[in-house]
Amino acid sequence: MPTDPPRLLVLAGTAEGRETLEALAPLVAAGRLQAIASLAGATRSPRTLPVETRVGGFGGAEGLARFLQAERIDALLDATHPFAARISANAAAASAAARVPRAQLRRPGWTGPARRFPDLAAALAAAPAGAVMLAATGRGSAPLLAVRPDLTILLRVAEPGPEIPGVETLVARPPHRAEADRALMLDRRITHLLARDSGGAEVVKLEVARALGIEILLAEQPPAQPGPVLADALEALAWAHATLGLPRQPSPRSRPGPP
Ligand SMILES: NC(=O)c1ccc[n+]([C@@H]2O[C@H](COP(=O)([O-])OP(=O)(O)OC[C@H]3O[C@@H](n4cnc5c(N)ncnc54)[C@H](OP(=O)(O)O)[C@@H]3O)[C@@H](O)[C@H]2O)c1
């Protein structure tokens, strides 16, 4: 009697999560794997993922544990953003409660020179009065920025939204290109870059600022959850294959070349 394919839940919302799902999609299409992607619903028009996708919170760790059981999930890949700490803590608690293997896909941070701080508030506090700051910290950081009226702040946000009193916003959806970041920092005479150490493609602005001699005030990533930590989509794929006993699939690199 044929057995049901294993079931994987991927908490998504990052480029690495999407890459992992794209690489697994052929196994899903072949009926060897069932994969569900989950998005928080924070982005108004997220890019489509190549597998069944649900949107919205689960209702805390308990809600996620109930989902894992009700959906008979065999493995949980937490591929959320390094600074999405609440969902990662929920994933750890829920997988322990439901006894479902879990791993966290957590891209490494930037290794370049910067002044590093435990959080954004501490990084912001270190800016000297009169600094002209590019805050690449998203709309959620607006209340924090309001405590520094002595700075000129340009806040970059991914989506349009209500005006933020006292803070100029620039709407630009990632990924951000180096040439555009360079032009922006030069045109606006930026002296300080406030950012979180999100890793991945988000290091572009840090490289640009370093090249221009702009001081970088960087909030460190929150600690990862205990358990396996995977640095990229390749490691995530290897983990999914090993954990779920998936059949090997030829990768572009291992395919034989033309005779
Ligand atoms: N933080 C960032 O800078 C950032 C940047 C890029 C992308 N993202 C993505 O945007 C999402 C929200 O980020 P956040 O910082 O608001 O997260 P968060 O503070 O860790 O999570 C807040 C709540 O949103 C829900 N949630 C988060 N991710 C979810 C997912 N993938 N599927 C279903 N529910 C999810 C959970 O609600 P319940 O408790 O009700 O389950 C969670 O408790 C994350 O998935 C993250 O990957 C975040």
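**Stop one: a strand pair**

Select leucine 77 and you'll find it standing opposite alanine 103 in E5. Keep in mind that this is a predicted model. Now widen the selection to strand E4 (residues 75-78) and strand E5 (residues 102-105): the two run parallel and are joined by 3 bridges.

**Stop two: the whole sheet**

Next, bring up the open sheet of 6 strands, which goes E3-E2-E1-E4-E5-E12 with parallel pairing. At the edges sit strand E3 (52-55) and strand E12 (229-230), each pairing on one side only. As for what holds such things together, strands of a sheet pair through backbone hydrogen bonds.

**Stop three: leucine 39**

Hop over to strand E2 (residues 34-39) and pick leucine 39. Why does leucine 39 count as partly exposed? Because it has 19 C-beta neighbours inside 10 Å, and a buried residue needs 20 or more. Beyond its neighbours within four places in sequence, leucine 39 is in contact with Ala12, Gly13, Pro46, Thr53 and Val55.

**Last stop: two domains**

Finally, color domain 1 (7-108 + 223-244) and domain 2 (115-219), as the domain assignment gives them. Their C-alpha centres lie 29 Å apart. The contact takes 8 residues from domain 1 and 6 residues from domain 2. On the domain 1 side, the residues divide into 4 nonpolar, 1 polar and 3 charged.

Terms used
Residues are numbered from 1 along each chain as its sequence is written. This is a predicted model: local features need pLDDT of at least 70, side-chain atom pairs count only at pLDDT 80 or more; totals for chains, interfaces and linings use all residues. Helices (H or I, at least four residues) and strands (E, at least two) are DSSP runs, numbered from the N terminus. A residue is buried if 20 or more other C-beta atoms lie within 10 Å of its own, exposed if 12 or fewer, and partly exposed in between; C-beta atoms are placed from the backbone. Two residues are in contact if their C-beta atoms, placed from the backbone, lie within 7 Å. Two strands pair if DSSP finds at least two bridges between them. Domain bounds come from an automatic or database domain assignment. Ala, Val, Leu, Ile, Met, Phe, Trp, Tyr, Cys and Pro count as nonpolar, Asp, Glu, Lys and Arg as charged, and the others, Gly among them, as polar.
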